[in-house]
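I opened this notebook to keep track of what I looked up, topic by topic, while going through the coordinates.

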Amino acid sequence: MATLPRTQTIIPYRAAAAIAIGCGITAALVILALIGSVMIAAAFFGAALVLTGGLLAFRRLFPPTAATATEPDWSVARALAESSPDAIAVTDRAGRLVCANDRYEAVFGGFPTPPGLPFDAAGVDRLGNAGRAAWRDGAAAIEGLQINGTKLSAHVARAGEDDTLLVWRFHAAQGLDLAQTMENLIAGATGDRLGSAGIMAALIKPDGRIRAANRVLRARAMGHEEGAIIGRDFAQFLITDANGMARFEREGLTQNPLRVLQIPFLDGDDAPMLVALIDEEENGHPAIGESASAHIKSLVSLMPFGIALIGGDGRFLQMNDAFARAAAVDPHNPPIYPGDLVVREDKAVVADAIRRFAGGATHSTDLAVRLKDHPDEPVALSIAGARGLGNSAVLLSLKDNSEETRLKREVAQATKMQAVGQLAGGVAHDFNNILTAIIGHCDLMLMRHSPGDSDYDDIQQIRANSNRAASLTRQLLAFSRQQTLRPQVLQLPDVISEVSNLLKRLLGETVTLTVKHGRNLSPVRADPGQLEQVVVNLAVNARDAMMAKDSRGTGTLAIQTYGVTANDVRKLGSDIIPAADYVVLEVADTGGGIPADILPKIFEPFFTTKEVGKGTGLGLSTVYGIVKQSGGYIFAENVKGGMKGGAGAVFKIYLPVHTAGALTEPGPARPTAKEKPVDLWGSGTILLVEDEDMVRAVAERALTRQGYTVLAAEHGEAALELLASSARPDLLISDVMMPLMDGPTMVRHARARYPDLPILFMSGYAEETIRKSIDLDNVEFLAKPFSVQDLAEATRAVLLRSAPHAK
């Protein structure tokens with residue numbers, strides 16, 4: 001252990017660690033001897049290694065000191081208990097190395113302080129980023145670090161009662177660590193304990209030579225404990241009789257035969273083999289006694305993974321808590337047969353496998369089955385024959401993968417939402433081009449018709465519906481997190497107060513609105529108008545849900561705000577929301593809840609449960625996009641009793657706290673309204689660049705009617721050719737996204753020729769998204785869809801502002 005400052009103390013753990021690994025290996029070997037299942041025996045051994053690793057790492061981190069030492073930091077101990085054979089170090093908030101184990105010294109050639117370890121520059125940078133992420137999020141992991149030709153993985157975790165420490169854990173390929181650990185265990189005190197239980201253990205290299213052996217094996221094979229057995233061929237110490245029974249050569253054929261167990265605990269052609277030898281009687285029963293059968297049930301009940309014993313008649317004899325939990329067994333109505341746990345289609349497969357192994361089949365098998373309580377999530381059921389366990393004939397093992405399945409589902413949902421968001425943004429862009437053409441042509445037609453004409457009202461109706469369609473595209477951009485936000489530092493209760501009167505009118509007199517705010521709430525940074533839209537959308541959905549439940553629409557809509565700390569977030573155990581301080585906006589209703597099959601889809605665009613013509617399916621997708629673009633997180637769930645007791649659904653929105661230090665930072669404030677020019681007529685030459693023919697035609701006609709001379713180009717290359725062959729234009733109006741050469745690239749070439757050329761960009765994407773991708777100064781932006789009036793105003797305004805610079 002590194003000679004570093006320490007203030008903690010603990011009780012001795014070396015004996016406890018040795019006992020744990022001894023018992024684990026003993027259990028593994030006994031089970032292998034009795035039932036012949038390498039898989040189950042390896043699981044017993046793995047559980048012992050994890051426990052022992054935790055104890056030894058804890059012992060190394062907190063060595064004994066004076067009796068007056070302070071209480072150890074248990075959270076750090078828990079963080080280290082997962083990884084005893086790894087290189088471990090602890091640093092404090094100031095980045096100083098507090099302590100490190102011997103493995104750390106051996107791997108890194110001393111005690112350098114993370115992240116300044118002997119990796120290449122890229123590795124040090126990645127490790128430093130992981131450390132910063134761990135301070136922020138609580139944990140971080142990286143793969144693919146290399147040192148002296150060895151690949152390492154690193155895991156960094158924040159720990160300590162006040163989260164003031166970082167635990168750095170480095171582990172190499174599993175084979176190297178486990179083999180070395182096994183060698184140390186067999187040759188040490190653990191091997192002696194195995195010997196006292198009548199088990200001779202050795203670690204054999206792939207070429208058959210002995211890498212390690214416990215003391216009792218050396219004594220039996222050589223006749224004395226000090227024999228030079230390491231490096232010799234293991235087979236030379238054994239002989240077999242006519243019946244194929246193995247014995248030690250030096251003891252001859254008069255001694256009890258040996259049962260030789262081979263445990264391939266590592267994969268690979270160059271992996272060592274763990275071999276155990278147990279004395280047997282002539283009838284083949286273990287000479288160490290029948291206690292294994294007597295205690296096997298208690299051992300099974302203690303295992304952290306799911307195990308069940310099946311009798312010869314196919315009925316359950318025993319299942320431990322882990323098995324019952326993984327199989328979702330009802331304790332008040334336990335299953336009789338294994339087939340009772342699975343769906344009807346899988347019953348025959350499970351029954352046939354159990355009959356086969358109960359009849360004496362060897363080895364083991366894995367079946368992918370579907371539990372009747374979770375038919376959409378297959379699980380792995382391992383089946384092995386159980387010999388020598390009394391009435392037990394078959395041993396089942398079931399992995400509890402509910403957490404893994406949940407994570408996979410969340411990742412799949414997040415990936416799908418991201419893909420749909422990108423699609424929605426693209427659809428909105430194309431749709432805005434179409435709407436620009438429709439609205440523009442309507443404006444041009446209205447210039448030729450007066451309000452008394454028969455066609456005037458029809459044109460106005462087309463224009464009004466086009467504007468409705470434009471609002472849908474804005475909602476699509478909100479879902480895809482591409483709408484323009486004007487964030488401000490604000491208090492959530494103020495936003496709720498502003499929208500409360502509107503909510504009362506929307507909800508009607510049959511719905512009771514209750515509002516409750518927490519005390520001393522921190523500020524958040526968001527767009528108040530968009531937050532109001534979030535609250536309104538959730539309230540309208542809640543009203544519709546209560547009306548669907550009760551024709552009178554009676555119920556309660558409860559809105560509350562409260563703060564949560566980083567520690568509160570960690571207790572939630574969510575893998576989605578990082579640990580930080582948040583202000584929560586919670587909207588709950590009594591509408592009966594959301595069906596389980598619908599809940600994962602509610603934020604998808606165009607998904608709606610309403611009748612045809614009564615909903616666009618963009619309400620909740622808009623809410624989702626606004627919250628995510630504001631840096632927050634939204635969760636929907638049924639409150640206790642929902643769908644059965646009618647308690648309803650609740651939406652929780654987590655918005656990150658805007659820190660006090662950031663309050664003084666200049667943020668993008670809501671822009672002041674620009675003064676619109678009164679006279680929209682103008683003169684001069686405008687270069688118009690637009691790849692959509694219909695938009696280019698409308699814009700060209702509109703600008704020509706306003707008195708401008710228009711040079712039109714269908715893409716960037718054509719625009720540059722016009723610039724080269726014509727006089728300097730007074731204004732360049734260009735689309736942003738175009739084939740061959742996009743707008744910003746074309747403008748850079750134009751500015752190289754005319755540095756002070758005024759620019760007006762137009763795009764169907766949101767202004768905020770476009771401005772992030774444009775690194776040009778003194779450019780203006782016009783969002784599609786726009787009207788003829790909007791185009792004329794924007795053009796005149798840009799020309800007026802650039803007049804002092806124009807030639």
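The entries below go from salt bridges to a helix, a hairpin, a surface patch, a loop residue and the cysteines.

Before anything else I noted that this is a predicted model.

**Salt bridges.** I looked up the charged pairs and found a count of 17 salt bridges. I started with Asp192 and Arg215, whose side chains meet at 3.4 Å, N to O; this pair links distant parts of the chain, with Asp192 in helix α7 and Arg215 in helix α8, 23 residues apart. Asp192 is partly exposed at 33% relative accessible area, and Arg215 counts as partly exposed at 38%.

I then turned to Asp756 and Arg728, which form a salt bridge at 3.3 Å, N to O. Asp756 sits in the loop between α20 and β27 and Arg728 in the loop between α19 and β26, so the pair ties together parts 28 residues apart in sequence.

**Helix α22.** Arg801 itself is partly exposed, at 43% relative accessible area, while the buried residues of α22 include Val788, Leu791, Glu793, Val798 and Ser802.

**Hairpin.** I looked at strands β12 (residues 306–311) and β13 (residues 316–319), which pair in the antiparallel sense over three bridges, with Ala308 opposite Met319. Four residues lie between these strands, and Gly314 takes a positive phi near 85 degrees.

**Nonpolar patch.** I found a nonpolar surface patch of about 440 Å², made by Val427, Phe431, Ile434, Ile438, Ile462 and Met694. Helix α12 (residues 402–446) gives the most to it, with four residues. Val427 lies in this helix and counts as partly exposed at 39% relative accessibility.

**Loop residue.** I noted Leu740 in the loop between β26 and α20, where it is exposed, with a relative accessible area of 73%. Its C-alpha is 7.8 Å from that of Glu717, 23 residues apart in sequence.

**Cysteines.** I searched the whole structure for disulfides and found zero. Cys99 counts as buried at 4% relative accessibility, and Cys442 is buried with a relative accessible area of 4%.

Note on methods:
Residues numbered from 1 in each chain as written. Predicted model: local features only at pLDDT ≥ 70, side-chain atom pairs only at ≥ 80, totals over all residues. Heavy atoms only, no water. Patch = residues over 30% accessible without salt bridge, like charges linked within 9 Å, V, L, I, M, F, W, Y side chains within 5 Å. Areas by Shrake-Rupley, 256 points an atom, 1.4 Å probe, with all protein chains shown as cover. Salt bridge = Lys/Arg side-chain N within 4 Å of Asp/Glu carboxyl O. Helix = DSSP H or I, 4+ residues; strand = E, 2+ residues; numbered from the N terminus. Buried < 20%, exposed > 50% of the residue type's maximum accessible area, 1.4 Å probe, protein only. Pairing = 2+ DSSP bridges. Disulfide = S-S within 2.5 Å.
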